[in-house]
Each structure stands twice: as C-alpha cells, then as structure tokens.
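Please keep the structure in view while reading.

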Amino acid sequence: MQLERLPEQNNLAIVLNKNAKSVTKSTQRLIRQLHPEADIYISESPEHGTQIAQTIVDRGYQTVATGGGDGTFVKCLSDVYEYVEKQKPGSEPPRFFVLKLGTGNAVASAFGASAPTRHGLSKDLARARRSTFTRPLPVLSVEGKLSPFAGCGLDAHVLVDYFNSRNTLLKSPFKKLATGGPGYAISVASRTVPRYLA
C-alpha cells in the first residue's frame with residue numbers, strides 16, 4: 001500500500017537499521033503500511049548508512065526518525081551533521097525522532113517513544129510528521145561522533161566485547177544469538193568476565 005505525502009505534513013524520512021534485532025521483516029512491512037515507501041531507508045551497513053544520511057540532507061527532509069537503537073541514532077545524527085557542515089554550511093539540519101526499535105533504547109525513551117506496536121508506531125510517526133514542538137538534546141562529540149552519552153569504563157569494555165562477539169557469531173551457525181540480549185550475555189560471559197577475573 002503506497003501512501004501519498006499530504007501537503008501539510010512535514011517531510012519525514014525513516015531510517016531503519018536492517019541489522020537491528022527489532023527491525024524484522026514484519027516490522028518493515030508494518031512501517032511501509034504507515035508511511036510512504038519512498039521515504040523509508042533501510043541501512044544495511046555503516047557505509048550504506050552514511051550514503052542514506054547524505055541523501056536525506058540532499059532531499060531536504062525536515063525530520064528524520066531512526067529505528068534500530070541508540071547506535072543507529074548516533075550514526076545517523078553524526079553522518080547528517082557532518083555532511084551538512086561540509087556540503088551545506090549554514091543550512092538547517094533536520095529534526096530527529098527515535099523509534100523504539102533497538103536493544104538499547106535510552107534515546108527513544110528520552111524522546112517519549114511508544115512501544116513498537118502498530119498503534120505505537122502509528123502514533124509516533126504522526127507525532128514526528130506533525131509536531132511543531134522540539135526540544136534541544138545536548139550531545140557530546142566523541143571521536144568524531146555526536147552522542148547524547150558516552151562511557152569509558154566497564155560499559156565501554158562490555159560494548160567493545162559485544163561487537164567483537166557479535167561479529168564472530170554472525171559468521172557461525174549461531175548467528176541468531178549474535179544480537180540483542182543473548183549477544184550481550186554471550187559476550188559478557190565469554191569475554192568481559194574472564195578478562196576482569198584474569
């Protein structure tokens with residue numbers, strides 16, 4: 001089903017991280033029923049995400065909703081702002097909204113995102129399209145990326161271990177366990193805890 005953009009609606013792009021556990025094929029189908037498919041971008045890799053961010057800026061979207069967790073938001077935000085700064089200095093970057101479709105949903109919770117049901121997503125997308133209310137979100141610049149938070153202790157080690165473990169599991173017969181809660185549990189048990197005990 002193809003929906004047409006209404007003239008009074010703000011221009012909304014949706015960026016979904018295909019590798020996020022909650023961005024399933026059924027979730028993608030549901031979002032396509034709720035929003036014009038031409039304005040939905042499915043990112044398949046970090047490099048692809050950068051290309052999508054550039055397309056969003058070039059097409060002049062007013063609002064971007066990301067789905068895939070805190071990492072997807074941070075990546076898209078950083079790519080959009082970097083591209084605006086280099087290619088369109090002085091222009092206004094789009095607003096951001098975060099859908100609750102990730103393992104880490106701290107930013108989505110801060111945005112007041114709903115549960116990822118048909119009703120919740122419909123409500124959030126309507127809010128992202130029509131709301132004139134915005135509020136600033138203070139961010140840090142960390143190693144060239146913009147982020148609302150950063151860690152340098154145990155949480156950073158856990159995250160690095162998770163990514164290393166995930167990359168290994170994705171190449172194995174156990175790839176279904178690579179992401180989300182199971183991925184974190186495996187990485188903490190097999191990498192983080194043994195390193196700290198040693």
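Axes here are lines fitted to C-alpha atoms, for helices over the stretch in contact, and angles run from 0 to 180 degrees between N-to-C directions. The model is a predicted one, in which local features need pLDDT of at least 70 and side-chain atom pairs count only at pLDDT 80 or more, while totals for chains, interfaces and linings use all residues. Residues are numbered from 1 along each chain as its sequence is written, and side-chain values use heavy atoms, with hydrogens and water left out.

Helices (H or I, at least four residues) and strands (E, at least two) are DSSP runs numbered from the N terminus. On these terms α6 and α7 pack at an angle of about 115°, with their axes 8 Å apart, and their crossing is right-handed, the term for a near helix turned clockwise from the far one by less than a right angle, anticlockwise being left-handed. Contact means heavy atoms within 4.5 Å; among the residues of α6 that meet α7 are Leu154, Tyr162 and Leu169, and the α7 side includes Gly180, Tyr184 and Tyr196.

Helix α7 (residues 180-197) has 18 residues and reaches 24 Å from its first C-alpha to its last, close to the 26 Å expected, where the expected span is 1.5 Å times one less than the number of residues. There is a bend of about 45° in α7 at Val188, taken as the angle between axes fitted to the seven residues ending there and the seven starting there. The buried residues of α7 are Gly180, Gly183, Ser187 and Thr192, and what covers them includes α6 (154-169).

Rings of Phe, Tyr and Trp (its six-membered ring) pair if their centres lie within 6.5 Å, and planes under 30 degrees apart count as stacked, over 60 as edge-to-face and the rest as tilted. By this rule there are six aromatic pairs. The ring centres of Tyr162 and Tyr184 are 4.0 Å apart with planes at 10°, so this pair is stacked. Because Tyr162 lies in helix α6 and Tyr184 in helix α7, the pair ties together parts that are 22 residues apart in sequence. Separately, Phe73, Phe96, Phe97 and Phe111 form one aromatic cluster.

Relative accessible area under 20% is called buried, over 50% exposed, and in between partly exposed (1.4 Å probe, protein chains only).

| Residue | Relative accessible area | Class |
|---|---|---|
| Tyr162 | 6% | buried |
| Tyr184 | 26% | partly exposed |
| Ser147 | 10% | buried |
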